[in-house]
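Thanks for sending this one over. Here are a few friendly notes to read with the model open beside you.

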Amino acid sequence: MISEIISSRRAVYPAQYNSDPISKEEIQAILEAANWAPTHRRTEPWRFKVLQGDAKKKLAGFLAKTYKEKGENFSEVKYRKYQENPLKAACIIAICMQRDPSESIPEWEEIASTAMAVQNMWLMASTMRIGSYWGSPGVIKYMNEFFEMEDGERCLGFFYMGKYNGELPEGHRKTPISEKTTWL
Ligand SMILES: Cc1cc2nc3c(=O)[nH]c(=O)nc-3n(C[C@H](O)[C@H](O)[C@H](O)COP(=O)(O)O)c2cc1C
């Protein structure tokens, strides 16, 4: 049931990942799901950069160095997480958004479409027993120094992925949907 797939999806963090690899076919199936997200004026603004192996190491180095140089309220714990977390993931997908050059729709709609693509990926990964989460660290604003980005392309975060052992904890929400809904 789709409702079960939705409610059992969890954010699964690098500390929970085991060292099992994720195959190219699995990654492709997750990306294919992203491509079915809805999009206003068919701009299909999501762009992804898949990092594995050495690319993950380079990303870890860049994130840690950039955080040390430009990050706010430096913390040694956070610095170490920037260094270590990418290496714990079997694969990291940088989540990017390509602004429509003609700006035919507002930017928020492009971001919304990209977020819907990420939700598709997250649900797909979840059904494949691949743990994942969307990380949006402060240093993502500097990602154009790491990736070759097109004009109008912006990094919105990283989709960390890894396999895990055992079962995931039950999810919870602070308030029920009834408190967030007005019926007219
Ligand atoms: C746009 C977005 C950005 C997020 N950024 C972070 C992040 O930087 N760090 C983090 O720990 N979790 C991040 N998350 C994951 C949320 O913390 C997680 O989804 C939330 O705690 C709810 O848990 P659940 O996904 O298991 O239901 C992000 C989620 C979204 C949608």
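1. Among contacts in the chain between residues at least 6 apart in sequence, 81% join residues at least 24 apart. Please keep in mind that this is a predicted model.

2. On overall dimensions, the C-alpha trace of the chain spans about 50 × 50 × 35 Å along its principal axes. The radius of gyration is 17 Å, which agrees with the value near 16 Å that a compact globule of 184 residues would have. Of the 184 residues in the chain, 29% are buried.

3. For the secondary structure, you will find 5 helices and 4 strands in the chain. Read from the N terminus, the elements come in the order α-α-β-α-α-β-α-β-β.

4. Helix α3 covers residues 54-70 and helix α4 covers residues 76-88; the two pack with their axes 8 Å apart, at an angle of about 170°. Since angles over 145 degrees count as roughly antiparallel, that makes α3 roughly antiparallel to α4. The crossing of α3 and α4 is right-handed.

5. Which residues make the contact? From α3 come Lys56, Lys57, Leu59, Ala60, Leu63, Ala64, Tyr67 and Lys68, while α4 provides Lys78, Tyr79, Tyr82, Gln83, Pro86 and Leu87. By class, the residues of this contact of α3 with α4 divide into 9 nonpolar, 4 charged and 1 polar.

Note on methods
Residues numbered from 1 in each chain as written. Predicted model: local features only at pLDDT ≥ 70, side-chain atom pairs only at ≥ 80, totals over all residues. Axes fitted to C-alpha atoms, helices over the stretch in contact; angles between N-to-C directions. Parallel < 35°, antiparallel > 145°, perpendicular 65-115°, else oblique. Left-handed = near helix turned anticlockwise from the far one by under 90°. Contact = placed C-beta atoms within 7 Å. Nonpolar A, V, L, I, M, F, W, Y, C, P; charged D, E, K, R; others polar. Rg over C-alpha atoms; globule rule 2.2 N^0.38 Å. Buried ≥ 20, exposed ≤ 12 C-beta atoms within 10 Å, placed from the backbone.
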